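Thanks, everyone. Let me put the model on the screen, and we will walk through it together.

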Amino acid sequence: MGMFGLGISTSAAAGADPVGDARAAEELGFDFVSASDHPCGSAPTYEVWTMLTWVAAATSRIRVATRVLGVPYRSPAMVAKMAETLHRFSGGRLILGLGGGYSDEEFRAFGLGVPSPREKVAGMEEAVQVIRGLWSRPSFTFEGGRYQTFEADLEPKPERPIPIWLGTYGRRALEVTGRLADGWIPSYGFAPPEQVTGLRAQVLAAAGGREVECVYNVPVRIGDVGDAGDDGGVVAGSAEQVTERLGELCGLGFGSMNLMPVGTDFRDQAELLAQKVVPHLR
């Protein structure tokens, strides 16, 4: 059986309650919550790692996933340390989602330099190698083009595996995902159904028989039947129509999904998904 997650917003605007949203998701029976990583901007937001730590402390069962951390924002060795700590405190509930880094404007604004597409993929690949090395080996030395460690010790090591999911689309990035990652989490808007099966095939070819969890990140909106269809990258319609469409997407080879309620009535949408959609998909 796959996992069904709920995307929660990092908004810090008046009335936003991401921790309450996560508690609601847990009570409704979702398997994980996820949140994106966009620290720069004029709309008020929380920093995703700090927010998910707070979420983990306020919940007891639901897993927490970064969807996805932009590798250039943080030293991968420090991310390895941060991840082990959050995983341990939460009782093993972290899913570490990583990506090459989407927003060049944000990197420029924060003075982080703007990696080329090739450098982003290389950096993401090295980050996975650094993180896994520190989690598993003593005195770990790594000499990459973008990241290095020298006789680094990370203690304690993770007691149980921390899954690494990559959000990737380009040919080289998909190859890295198949070769190194535990999961692949493409977004519906960037990888629509007519393209996603071809991308998935590239991941699985590179995996060579390794198991890679395929998780589709899909914006959804349950409303009047008149709203049906894919409007601006959102799967919308009645509960029955949304269920049918998501079932078709599962049939493309996605055993798991991250559902992103669109609109202001997050809790109502989450409840409808939990009661009228997810049970049928399971």
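The largest cavity holds about 50 Å³ of space. The model is predicted: local features need pLDDT of at least 70, side-chain atom pairs count only at pLDDT 80 or more, and totals for chains, interfaces and linings use all residues. Residues are numbered from 1 along each chain as its sequence is written, and side-chain values use heavy atoms, with hydrogens and water left out.

A word on terms. The search runs on a 1 Å grid over the protein atoms alone; a cavity is a set of points where a 1.4 Å probe fits but cannot get out. A pocket is an open set with protein on both sides within 12 Å along at least five of seven lines. Lining residues have an atom within 4 Å of a point. Grid points are joined across faces, edges and corners, and a volume is the space filled by probe spheres set on the points.

How many cavities of 30 Å³ or more does a search of the whole structure find? It finds 1. Its lining is L69, G70, V71, R74, P76, V79, L98, A127 and I131. Three elements each give at least two of the lining residues: β4 (69-70), α3 (76-89) and α5 (117-136). Helices here are DSSP runs (H or I, at least four residues), as are strands (E, at least two), numbered from the N terminus. By class, the cavity lining has 7 nonpolar, 1 polar and 1 charged. Ala, Val, Leu, Ile, Met, Phe, Trp, Tyr, Cys and Pro count as nonpolar, Asp, Glu, Lys and Arg as charged, and the others, Gly among them, as polar.

Now the second largest pocket. It has about 180 Å³ of space. Its lining includes M3, R63, W165, D182 and C214. That lining splits into 6 nonpolar, 1 polar and 4 charged residues.

Next, α3 again, this time with a partner. Helix α2 (residues 48-58) packs on α3 at about 15 degrees, and the axes are 10 Å apart. Axes are lines fitted to C-alpha atoms, for helices over the stretch in contact, and angles run from 0 to 180 degrees between N-to-C directions. So α2 and α3 are roughly parallel, a label for angles under 35 degrees; over 145 is roughly antiparallel, 65 to 115 roughly perpendicular, and the rest oblique. The crossing of α2 and α3 is left-handed, meaning the near helix is turned anticlockwise from the far one by less than a right angle; clockwise is right-handed. W49, T53 and A56 of α2 touch M82, A83 and L86 of α3, where contact means heavy atoms within 4.5 Å. That contact has 5 nonpolar, 1 polar and no charged residues.

A second pair: α6 (residues 171-180) and α7 (residues 193-207). Their axes come within 7 Å and cross at roughly 45 degrees. That makes α6 oblique to α7. Their crossing is right-handed. Among the residues that meet are L174 and T177 in α6, and L199 and V203 in α7. This contact divides into 5 nonpolar, 3 polar and 3 charged.

Last, the backbone. Most residues other than glycine have a negative phi, and most peptide bonds are trans. The bond from R67 to V68 is cis, with omega near -15 degrees. V68 sits in the loop between β3 (63-66) and β4. The bond from E155 to P156 is also cis, with omega near 0 degrees. P156 is in the loop between β7 (148-152) and β8 (164-166). S139 is not a glycine, yet has a positive phi of about 45 degrees. S139 lies between α5 and β6 (140-143), in the loop.
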